[in-house]
Amino acid sequence: MTAGAPTLGKFVLRILLWLPPCFAAWYFSSHYHAAVVGELALLLVQQFKSGIVSALEHPAINLVFVTTLQVHPEPGMTALLLPEVNPLLYTYGLAFFLALMLAAGAKWWKILVRRRCTSALPGLGHRFRFPGTSRGETRPGNFSAGGFARLAQ
Amino acid sequence: MLRFFILFAAILATLFAAELTQPVQNAVVLPWTAALTRISAGLMTLFDAHVVAAGKILRSTANGFAVSIEAGCNGIEAAIVLIAAMLAFPAPWKYRVAGILAGLSAVQVLNVVRVISLFYLGQWNMKVFEWAHLYLWQALIMLDVLIVWLVWIRMLPPTSSSATPPAPPGEGARRATAI
């Protein structure tokens, strides 16, 4: 053991002390890292099914993937599938991870590099949770932003 | 280290896949979730007579507030992560079994605390409930898993493996037999 290295108890205490500021930083910067995660998810989706997502909307914190998939809920009605996800459900690990790194006294460049790496994982989550969170919305003509879970003629 | 990660990922994937199957749901997940509900309700009735449990639903007869304990809130996922970490790590089997049993108890005790705290947080403020439910408690449960695993590693006999274990961050490669 190196001199001055923390015991397990001190390490846990440090994590608990770092968690509140890390969660605060994560939450208040969520708009920015959610955008990064959304772009990564979009990139992944395009790799597997090019053209299936025509736009990525970012109302508030949520991410809305505007797909080209059409459904016909009723005769004469056409709806586009707009899966919507709350990226915070998948990125809370960033705050936890940051608290772990800071508690362990990791170097700043390592924290930044590893955060870059881990931010790719929530993107995978969005990619594979698509069907579970999808909903229909009519978008006749163009794909302008606005309107949620609405089916109109 | 590489062997550990490969084994960990493989066991994790296997256990998560098994958890999703109907037989495991019927034999383990649903009965455990109902038991967790009853245990939580039993503890809460010690200080709150208005709590009732029905299946996986906890309800307050005082104000009608109810929560349903769903997959992800029953501590089984956290238990799977812990089991995978202990099975993947080189250790004698008796230590693995003891570690898994003790670890599962630690995870489930904290999970009961989570359920009870969320039940009352929800009656107080739904925004705080959502925040604690979706983000904070998830991290705390995983922290619990990490702590249990680190404590277990420290209790392993030094001769249990020729492989160098991943030491707790900031502690170099030293292993102690006591906490």
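Q: Two strands pair if DSSP finds at least two bridges between them. Which residue of β5(A) is the bridge partner of V64(A)?

A: In this predicted model, local features need pLDDT of at least 70 and side-chain atom pairs pLDDT 80 or more, while totals for chains, interfaces and linings use all residues, and side-chain values use heavy atoms, without hydrogens and water. Residues are numbered from 1 along each chain as its sequence is written, with chains lettered from A and ligands numbered from 1 in the order in which they are written. Strand β2 (residues 63-67) of chain A is joined to β5(A) by two bridges, and the strands run antiparallel. Within β5(A), V64(A) has as its bridge partner E84(A).

Q: Which strands stand at the edges of the open sheet in chain A?

A: The open sheet has three strands with antiparallel pairing, in the order β1-β2-β5 (chain A). An edge strand has a single partner strand, so one side of it is left without a neighbour in the sheet. That is the position of β1 (53-57) and β5 (84-85) of chain A.

Q: Which residue in the turn between β1(A) and β2(A) has a positive phi?

A: β1(A) and β2(A) run antiparallel and are joined by four bridges. Across this pairing, A55(A) is opposite V66(A) in β2(A). The two strands form a hairpin with five residues between them, and the turn residue with a positive phi, about 55°, is A60(A).

Q: At what angle does helix α2 (residues 30-48) of chain A run to β1(A)?

A: This helix lies across β1 and β2 of chain A. Axes are lines fitted to C-alpha atoms, for helices over the stretch in contact (heavy atoms within 4.5 Å), and angles run from 0 to 180 degrees between N-to-C directions. For helix α2 and β1(A), the angle is about 175°.

Q: How far apart are the end C-alpha atoms of helix α3 (residues 88-103) of chain A?

A: The expected span of a helix is 1.5 Å times one less than its number of residues. With 16 residues, α3(A) should span 22 Å. The end C-alpha atoms agree with this, as their separation is 22 Å.

Q: Which helices of chain B do the buried residues of α3(B) pack against?

A: Helix α3 (residues 76-88) of chain B has 13 residues, and eleven of them are buried. Among the buried ones are I76(B), V81(B), L82(B) and M86(B). These buried residues pack against α1 (2-20), α2 (22-44), α4 (93-124) and α5 (126-155) of chain B.

Q: Which backbone oxygen does the side chain of T37(B) reach?

A: T37(B) lies in helix α2 of chain B and counts as buried because its relative accessible area is 0%. Beyond four places in sequence, T37(B) touches residues including A53(B), K56(B) and I69(B). Its side chain also makes a polar contact (N or O atoms within 3.5 Å; within protein, one able to donate a hydrogen and the other to accept it, with residues adjacent in sequence counting only if both atoms are side-chain atoms). At 2.7 Å, the backbone oxygen reached is that of T33(B).

Q: Is A106(B) buried or partly exposed?

A: A106(B) is found in helix α4 of chain B. Leaving aside neighbours within four places in sequence, A106(B) is in contact with D144(B) and V148(B). The relative accessible area of A106(B) is 28%, so this residue is partly exposed.

Notes: Buried < 20%, exposed > 50% of the residue type's maximum accessible area, 1.4 Å probe, protein only.
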